[in-house]
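Me: I would like to go through a structure with you, one topic at a time. Could you take my questions as they come?

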Amino acid sequence: MRSLTDDEILESLRGEPAPLLPILHAFHDRDGYLSPEALKVISKGLRIPIADLYGTIDFYHHFSTGEGGHHQARVCTGPICCLKEGNQILEALRSQGATPMPCAGRCDDPVVVLKGNQALLGTSAENLQPRRSPLPPEAPTLEGFEECVFAHIRSPERSQFAGYRSTGGYNALEKACSQLSQEDLLSQVEASGLAGRGGAGFPTGSKWRAVFNAPGDPKSIVCNADEGEPGCFKDRALLDHDPHAVIEGMALAAYATGAERGFIYLRYEYPETYAILEQAINDAESNGFLGENILGKFNFKLYLRRGAGAYICGEEGSLLNSLEGKHPFPRNRPPFPVTHGFEDLPTVVNNVETLASVPPIVLKGADWYQCLGHDQNAGTKVISLSGDVNKPGNYEIPIGFPLMHLIQDWAGGTPSGKRVQAVTMAGLSGGFLAGEDLDVTLDEPCIRSKGSFLGAGGIMVFDETRDMVEIAHQAMEFFAEESCGKCFPCRIGTRRLSERLGGHAGPGELTQWLNEVEALGQTMKATSSCGLGIAAPLISDSLVKYFPEQVENHVKS
Amino acid sequence: MTPPTHLQNKQSDPDSKPQGQETLTLTLDGEEVTFFAGETIYEVAERHRKEVPTLCYDPRLEPFGACRLCVVELEGARNPVASCTTQAQPGMSIKTKTPAIEEHRKVLLEMVVSENDGIEVDPLRGYASQELSTLVDRYGADTGRFQGAQSGCSKFEDDNPFILRDYNKCISCYRCVRVCAEQEGDYAISIKGRGFETQITTEFDGLLKDSACTFCGQCVQTCPTGALADRKALRAEGQDGELQKTRTICTYCGVGCSVDLVTQEDRLVAVQPAMDGPANEGALCVKGQFAFDFVQNPDRLKKPLIRREDGELHEAEWEEALQRAADGFLKALDEHGRHSVYAIASGRAPSEAAYTLQKWIRSGFGTNYIDNCSRA
């Protein structure tokens with residue numbers, strides 16, 4: 001196939017909203033890197049100052065500016081792949097130009113290596129193969145818990161349009177358009193108690209209503225699929241195996257709020273998911289569930305956008321700036337996206353899991369969803385469980401479910417039955433829980449009472465053989481590398497904490513070491529402008545709290 | 001030389017208010033104060049002389065919220081809020097200087113100091129260059145705490161004659177990038193990389209002269225650490241004599257930019273823009289900022305020159321020179337008529353001189369063929 005010319009790429013995408021990322025990817029894919037000539041053409045075509053464009057592409061991990069860079073291997077050296085063969089594979093491939101990349105969201109698989117637009121998996125450099133991402137393991141049926149977003153995900157062909165339709169797909173949208181007013185739909189989502197499943201936990205119905213009420217058109221629905229938190233891989237499972245559920249959730253959000261355009265912002269590291277979503281959006285559009293005059297009621301055009309490797313773009317302000325082609329710094333809040341979102345217009349930004357929860361709520365009712373939770377908690381949560389467990393994977397649990405029950409009974413405990421030394425919460429952002437604090441239930445009030453938070457639901461398990469200081473150092477190094485560089489406490493604090501945890505700098509005397517680490521953490525938590533800098537010190541705080549002896553040995557050595 | 005006034009210290013009266021705006025109230029450090037819709041907490045606090053510290057703030061630029069030094073306690077908020085980016089709202093209760101807030105500010109300053117190779121810089125570097133060291137002194141920040149890697153990477157190889165790019169002293173406040181975009185509209189510099197590795201860059205990391213930079217020098221003058229420095233001024237670094245500033249108007253064109261001429265004894269060593277100049281608000285162009293060497297150039301003409309019969313220029317007295325010029329004008333008038341004369345006043349001449357020139361041409365020659373180079 002003939003490759004597109006510069007002008008053809010620009011002309012095909014320039015008219016769309018949020019054109020910069022797809023144009024950059026088109027050149028990156030075509031040329032194997034972003035050449036200076038390409039950047040000059042794009043700068044001129046989109047009227048972005050060349051210095052800004054040059055600086056901004058450098059912000060992203062995966063855009064290469066060296067010839068052939070796009071096809072050079074990037075090996076996952078996230079916390080879980082480091083426990084496996086990540087570092088060995090990296091060393092084996094280094095002579096071919098391989099570089100490390102942060103957690104690529106396949107912690108329930110062997111080590112992942114990206115080459116161009118292909119994800120390869122294996123246990124050594126010799127056996128890397130493409131493979132579909134695993135389905136969520138079956139929850140024990142005896143316990144009688146009902147799933148919400150995973151209820152149909154294991155049905156064959158569910159990821160295809162026909163398979164989705166035959167298992168009740170798009171019935172919720174049809175029901176909404178034929179029986180529910182916008183107000184009915186908003187009320188139902190509010191009554192369900194559904195709250196943001198990306199970690200912030202903001203009530204979804206309230207968010208939608210705020211956008212419905214906000215002046216300004218066109219409004220937008222943004223699906224945040226930039227799942228960058230290490231140890232989180234639930235969005236990938238949902239999008240790979242049930243993409244239409246997310247699309248239907250977005251269409252329902254559009255109907256409820258009056259939004260006319262939508263974006264799925266997908267992280268770079270999921271190239272196969274991109275292809276699945278592209279197909280799903282086309283199928284939904286050709287079957288009348290997206291596009292013009294959907295079910296005779298509304299218009300909603302959905303665009304797929306691919307990130308380029310930046311953890312911070314999972315923060316909604318950064319994500320919106322990234323979509324708009326700006327430098328992906330977080331935005332100052334307020335104003336919030338519900339009034340000043342994409343292009344400063346009212347915008348819903350929802351996580352994948354949140355959106356996938358909406359169709360079942362519309363079909364089965366708010367009360368049904370409410371009652372899925374344990375005790376007083378509303379609904380379910382997908383937990384991405386990885387690390388030292390026999391059956392890593394995504395588990396949809398009733399909110400309020402006991403952590404150790406999940407680890408020991410659902411996931412089969414640790415390999416060879418070793419003691420669980422610690423787990424992380426919210427991927428890495430919640431820091432560690434250990435000792436008696438492992439006896440928690442998985443709901444925000446309980447986890448927060450321990451000084452942590454559930455967040456997006458990534459939990460990594462470390463058995464008693466693991467060096468917790470080293471794991472904390474890797475975690476802090478991740479935050480330091482992913483800190484956007486805008487606010488001082490995070491930009492400097494993550495680097496200083498990482499140096500202290502890695503033993504590269506800092507006092508050699510324990511009291512002073514603890515004093516510095518605590519002071520850095522306190523100021524980061526109090527003054528950082530977004531969640532990254534606020535959460536990062538939970539790693540060092542919880543390390544000091546649960547593992548004082550390991551810390552003391554580390555400082556002394 | 002007195003330490004440069006902090007940029008945002010506008011000498012305004014706390015009770016003055018923009019006309020026609022509704023007056024609202026909030027509680028500031030226990031005292032009920034008035035404010036106007038649209039003001040940020042920082043602006044209200046400044047008007048009431050709270051001396052909230054900042055490093056990334058420049059009143060001419062959009063609030064950015066990077067340095068976090070301006071955080072204040074807001075009743076009901078879980079964390080302190082950045083006062084520069086938070087709009088004041090009626091009924092807010094704000095504390096600008098609690099022990100906890102002051103401790104965070106000190107720690108933040110200690111963090112910033114730790115990323116650089118030193119904070120003491122010559123005031124000749126630029127208008128705002130003392131901001132960091134002044135704050136470090138004010139807070140008694142420990143300059144030896146939080147040691148570790150250093151962040152910026154100087155580009156001494158950029159050998160342009162005007163702007164020193166000493167990024168070893170950069171604290172990534174991005175005032176330079178923002179002033180270039182928001183005030184000058186050049187978009188010549190931007191932000192590369194992320195986190196601690198962030199660097200100020202040009203397109204393809206090249207030299208300023210190969211970028212869209214117009215060498216207006218605004219980045220230099222807003223830099224709070226002297227990481228960007230006035231190379232011309234630094235020629236006087238280490239020389240004897242106290243620095244003095246004299247406020248005047250730039251003579252290059254008709255805009256009327258206010259400048260402070262920085263002198264050392266009888267030498268002009270630098271020009272700094274006046275941040276409160278009504279026409280320029282701290283802006284200058286490359287000429288107003290850097291082109292002042294002619295003042296003390298030994299080649300300057302001190303006497304009129306007349307070209308004699310030998311074809312060479314010779315020094316002469318004013319009377320003879322003026323007579324020679326008058327003769328030439330009269331000859332042109334006689335031989336070719338009144339429209340043979342066309343006068344262009346220099347933009348560097350004052351208004352009175354421009355007036356005199358047009359008067360002379362109009363009434364002396366009877367033509368309206370006049371112009372002024374500032375018109376372009």
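**Strand pairing, helices and the chain contact**

Reply: A starting point in this predicted model is strand β13 (residues 420–424) of chain A, which is joined to β14(A) by three bridges, the two strands running antiparallel.

Me: Which residue is the bridge partner of A:Thr424 in β14(A)?

Reply: A:Thr424 has A:Phe432 as its bridge partner there.

Me: What is the strand order of the open sheet of five strands in chain A?

Reply: The order is β11-β10-β16-β13-β14, and the pairing is mixed. The edges are taken by β11 (393–398) and β14 (432–434) of chain A; each has a single partner strand, so one side of each is left without a neighbour in the sheet. On average, neighbouring strands in this sheet are turned by 30° against each other, direction ignored.

Me: And the open sheet of four strands in chain A, what order does that have?

Reply: That sheet is ordered β2-β1-β3-β4, again with mixed pairing. Its edge strands are β2 (99–101) and β4 (118–122) of chain A, and because each has a single partner strand, one side of each lacks a neighbour in the sheet. Neighbouring strands here are turned by 30° against each other on average, direction ignored.

Me: Do β1(A) and β2(A) run parallel or antiparallel?

Reply: Strand β1 (residues 74–76) of chain A and β2(A) run parallel, joined by three bridges. Within this pair, A:Cys76 stands opposite A:Met101 in β2(A).

Me: Which strands does helix α6 of chain A lie across?

Reply: Helix α6 (residues 86–94) lies across β1, β2 and β3 (111–115) of chain A, and the helix runs at about 165° to β1(A).

Me: Now the backbone. What kind of peptide bond joins A:Arg333 and A:Pro334?

Reply: The bond between A:Arg333 and A:Pro334 is cis, with omega about -10°. The bond from A:Pro334 to A:Pro335 is cis as well, with omega near 5°.

Me: Where is A:Pro334 found?

Reply: A:Pro334 is in the loop between α14 (316–323) and α15 (337–340) of chain A. A:Pro335 is likewise in the loop between α14 and α15 of chain A.

Me: What about B:Asp29, is its phi positive or negative?

Reply: B:Asp29 has a positive phi of about 50°, although it is not a glycine. Its place is in the loop between β1 and β2 of chain B.

Me: How many residues lie between the strands of that hairpin of β1(B) and β2(B)?

Reply: The hairpin of β1(B) and β2(B) has two residues between its strands. Strand β1 (residues 23–28) and strand β2 (residues 31–36) of chain B run antiparallel and are joined by six bridges. B:Thr27 stands opposite B:Glu32 in β2(B).

Me: Moving to overall layout, what domains does chain A have?

Reply: Chain A is divided into domain 1 (6–59), domain 2 (72–122), domain 3 (150–368), domain 4 (380–463) and domain 5 (468–556). The C-alpha centres of domains 1 and 2 of chain A lie 28 Å apart.

Me: How many helices and strands does chain A have?

Reply: Chain A has 25 helices and 16 strands. Its radius of gyration is 23 Å, close to the 24 Å that the globule rule gives for 557 residues, so chain A is as compact as a globular protein of that length.

Me: And chain B, how is that divided?

Reply: Chain B is divided into domain 1 (23–97), domain 2 (111–296) and domain 3 (305–375). The C-alpha centres of domain 2 and domain 3 of chain B are separated by 42 Å.

Me: Last topic: how many residues does each of chain A and chain B bring to the contact?

Reply: Chain A brings 37 residues and chain B brings 38. On the side of chain A that touches chain B, α4 (50–59), α20 (468–482), α21 (488–502) and α22 (510–527) each supply at least two residues. Of the elements of chain A, α21(A) gives the most to that side, with nine residues. The residues of that side divide into 16 nonpolar, 11 polar and 10 charged.

Definitions and conventions
Residues are numbered from 1 along each chain as its sequence is written. Chains are lettered from A and ligands numbered from 1 in the order in which they are written. This is a predicted model: local features need pLDDT of at least 70, side-chain atom pairs count only at pLDDT 80 or more; totals for chains, interfaces and linings use all residues. Two strands pair if DSSP finds at least two bridges between them. Axes are lines fitted to C-alpha atoms, for helices over the stretch in contact, and angles run from 0 to 180 degrees between N-to-C directions. Two residues are in contact if their C-beta atoms, placed from the backbone, lie within 7 Å. Domain bounds come from an automatic or database domain assignment. The radius of gyration is taken over C-alpha atoms; the globule rule is 2.2 Å times the number of residues to the power 0.38. Ala, Val, Leu, Ile, Met, Phe, Trp, Tyr, Cys and Pro count as nonpolar, Asp, Glu, Lys and Arg as charged, and the others, Gly among them, as polar.
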